[in-house]
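Let us walk through this structure together, from the overall chain down to single residue pairs. Please keep the viewer open as you read.

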Amino acid sequence: MPISPIIENFVILKKNPDYKPPEDDKKKEKDVSSPGAYAIPESGSIFSSPIISDNTLYFGGCDQFIYAVNLDGSLKWKHRTGGVIYSSPSIYNGVLHICSYDKHLYAFSADDGKLLWKFKAASGIESQPIV
């Protein structure tokens, strides 16, 4: 299941299939700040439905990262969890909440990606947190 595009102010945000990292960066992490790159994970799918808040697109990936991408396509921040992210994020009062299949519910500062807290559940979590 690929990620669905989001329409925000008549701009469709989705992966640019024509983006290729520079040849000398093949073994490095993808340069998501390049125009048109959009920080979509190179390794893995996205099942998380994205949300937009304060001109930032938030979503999780099967590469275990939660992404915050500015609407110009530049990476704002990203944070690795310990498992695949099937959950869609929720935001309330500047705090981004998201669940991971590593059995944790995470809370990040939506502004800078700082981990505020995490809660360990009994099993992997696929559902969206409600706040």
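The paragraphs below go from the whole chain to its cores, a central strand pairing, a surface patch and a charged pair.

First, some ground rules: this is a predicted model, in which local features need pLDDT of at least 70 and side-chain atom pairs count only at pLDDT 80 or more, while totals for chains, interfaces and linings use all residues. Residues are numbered from 1 along each chain as its sequence is written, and side-chain values use heavy atoms, with hydrogens and water left out.

The chain has ten strands and zero helices, where helices (H or I, at least four residues) and strands (E, at least two) are DSSP runs numbered from the N terminus. Of its 131 residues, 44% are buried, a word that here means under 20% relative accessible area, with exposed meaning over 50% and partly exposed in between (1.4 Å probe, protein chains only). Among contacts (heavy atoms within 4.5 Å) with a separation of 6 or more, 36% are between residues 24 or more positions apart. The accessible surface is about 7,500 Å², and carbon and sulfur atoms account for 52% of that; the areas come from the Shrake-Rupley method with a 1.4 Å probe, and for residues only the protein chains shown count as cover.

Now look inside. A nonpolar core is a set of buried Ala, Val, Leu, Ile, Met, Phe, Trp, Tyr and Cys residues joined through side-chain atoms within 4.5 Å. The largest one has ten residues: Tyr58, Ile66, Ala68, Trp77, Ile85, Leu96, Ile98, Tyr106, Phe108 and Ala110. Strand 5 (65-70), strand 8 (95-99) and strand 9 (104-109) each give two or more residues to this core. Apart from it lies another core of six residues, including Ile46, Leu57, Phe59 and Phe65.

Strand 8 deserves a longer look. Five of its five residues are buried, so strand 8 is largely enclosed by the rest of the structure. Val95, His97 and Cys99 are buried on one side, and Leu96 and Ile98 on the other. Two strands pair if DSSP finds at least two bridges between them. Strand 7 (residues 90-92) runs antiparallel to strand 8 and is joined to it by three bridges, with Ser90 partnered by His97. Two residues lie between these strands in their hairpin, where Asn93 takes a positive phi near 50 degrees. Strand 8 also pairs with strand 9, in the antiparallel sense, over five bridges; there Ile98 has Tyr106 as its bridge partner. That hairpin has four residues between the strands, and Lys103 takes a positive phi near 80 degrees.

On the surface, Phe47, Tyr86 and Tyr101 form a nonpolar patch with about 280 Å² of accessible area together. Patches are made of residues with over 30% relative accessible area and no salt bridge, like charges being joined within 9 Å and nonpolar side chains (Val, Leu, Ile, Met, Phe, Trp, Tyr) within 5 Å. Phe47 sits in the loop between strand 2 (11-13) and strand 3 (51-53), and is partly exposed at 35% relative accessible area.

Finally, which residue forms a salt bridge with Lys76? The partner is Asp111, the closest N and O atoms being 3.8 Å apart. The pair links distant parts of the chain, 35 residues apart: Lys76 is in strand 6 (residues 75-80), and Asp111 is in the loop between strand 9 and strand 10 (115-120). A salt bridge is a side-chain nitrogen of Lys or Arg within 4 Å of a carboxyl oxygen of Asp or Glu, and by this rule the count comes to one. Lys76 is partly exposed, at 30% relative accessible area, whereas Asp111 counts as exposed at 55%.
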